[in-house]
Structure formats: C-alpha cells, structure tokens
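Take a walk through the model shown here. Keep the sequence and the coordinates open side by side.

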Amino acid sequence: MTVIRQQDFIQSIADALQFIANYHPRDFIDAMSKAYEREQSAAAKDAIAQILVNSRMCAENNRPICQ
C-alpha cells in the first residue's frame, strides 16, 4: 500500500494552485488568439492583445494572472 505523507499532499495542492494562478489554459490562449485575428475594432483588438501579453508575462515570470 502506498502511503501519502501529509506534507506531500499539502505541497501537491500548493503546486496546483500556483500553476492555475500563473497559467491560462491552452484552449483559452488559442481562443483569444483567434478572436484577435477576427476582431475588427481597434480598441477590442488592443484589449485582447493586452490580455495575451499579460498572460505571457505571467507565465514567463511565474507571476499571478490579473485577468
């Protein structure tokens, strides 16, 4: 029987929460990229671009996502 130590369980949860706080799911990034390509409004395009830039910065610098 496998024994799961309490600290390992706590660390797994902490790691998972850190991951979801710092990375958008791939399907979200793909959908936003497609929306950017289709968007005709300059203001909306700028807003989508900023979300994508922020998402990349969070992933690269291991910082929480603000959106």
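**Salt bridges, surface and contacts**

Aspartate 8 pairs with arginine 5 in a salt bridge, with 3.0 Å between the closest N and O atoms. A salt bridge here is a side-chain nitrogen of Lys or Arg within 4 Å of a carboxyl oxygen of Asp or Glu. This is a predicted model, in which local features need pLDDT of at least 70, side-chain atom pairs count only at pLDDT 80 or more, and totals for chains, interfaces and linings use all residues. Residues are numbered from 1 along each chain as its sequence is written, and side-chain values use heavy atoms, with hydrogens and water left out.

Side chains of opposite charge can pair when their charged atoms come close. How exposed are the two partners? Aspartate 8 is partly exposed, at 36% relative accessible area. Arginine 5 is exposed, at 52%. The classes are simple: buried is under 20% relative accessible area, exposed is over 50%, and partly exposed lies in between (1.4 Å probe, protein chains only).

How many salt bridges does the rule give? The count is three. Another of them joins arginine 26 to aspartate 30, with the closest N and O atoms 2.9 Å apart. Both residues belong to helix H2 and are four residues apart, so about one helical turn separates them. Helices are DSSP runs (H or I, at least four residues), numbered from the N terminus. Arginine 26 is exposed at 59% relative accessibility. Aspartate 30 is partly exposed at 32%.

Helix H3 (residues 42–61) holds a further pair, glutamate 60 and arginine 56. Their closest N and O atoms are 3.8 Å apart in this salt bridge. Here too the residues are four apart, which means about one helical turn between them. Glutamate 60 and arginine 56 are both exposed.

Now go to the loop between helix H1 (6–22) and helix H2 (26–38), where histidine 24 sits. Is histidine 24 buried or exposed? Its relative accessibility is 18%, so it counts as buried. The side chain of histidine 24 also has a partner: it makes a polar contact with the side chain of serine 55, at 2.8 Å. A polar contact is a pair of N or O atoms within 3.5 Å; within protein, one must be able to donate a hydrogen and the other to accept it, and residues adjacent in sequence count only if both atoms are side-chain atoms.

Rings come next. What lies over the ring of tyrosine 36? The charged end of lysine 45 does, 4.5 Å from the ring centre. The criterion is NZ of Lys or CZ of Arg within 6 Å of the ring centre and within 35 degrees of the ring normal.

Ile4, Phe9, Ile10, Ile13, Leu17, Phe19, Ile20 and Tyr23 make a nonpolar patch of about 840 Å². Patch members have over 30% relative accessible area and no salt bridge; nonpolar side chains (Val, Leu, Ile, Met, Phe, Trp, Tyr) are joined within 5 Å, and like charges within 9 Å. Accessible areas come from the Shrake-Rupley method with a 1.4 Å probe. Isoleucine 13 is partly exposed, at 41%. Alanine 16 is in helix H1 as well, and is partly exposed at 40%.

Some C-alpha distances tie sequence to space. Alanine 16 and alanine 35 are 19 residues apart along the chain, with 28 Å between their C-alpha atoms. Isoleucine 48 and methionine 32 are 16 residues apart in sequence and 6.8 Å apart in space. Isoleucine 48 lies in helix H3 and is buried, at 11% relative accessibility. Arginine 26 and glutamine 50 are 24 residues apart along the chain, and their C-alpha atoms are 17 Å apart.

Finish at the end of H3. Asparagine 61 is in helix H3 and is partly exposed, at 45%. Between the C-alpha atoms of asparagine 61 and tyrosine 23 there are 11 Å, for 38 residues in sequence. Asparagine 62 lies in the segment after H3. Asparagine 62 is not a glycine, yet its phi is positive, about 55°. At 43% relative accessibility, asparagine 62 counts as partly exposed.

Key:
Helices (H or I, at least four residues) and strands (E, at least two) are DSSP runs, numbered from the N terminus.
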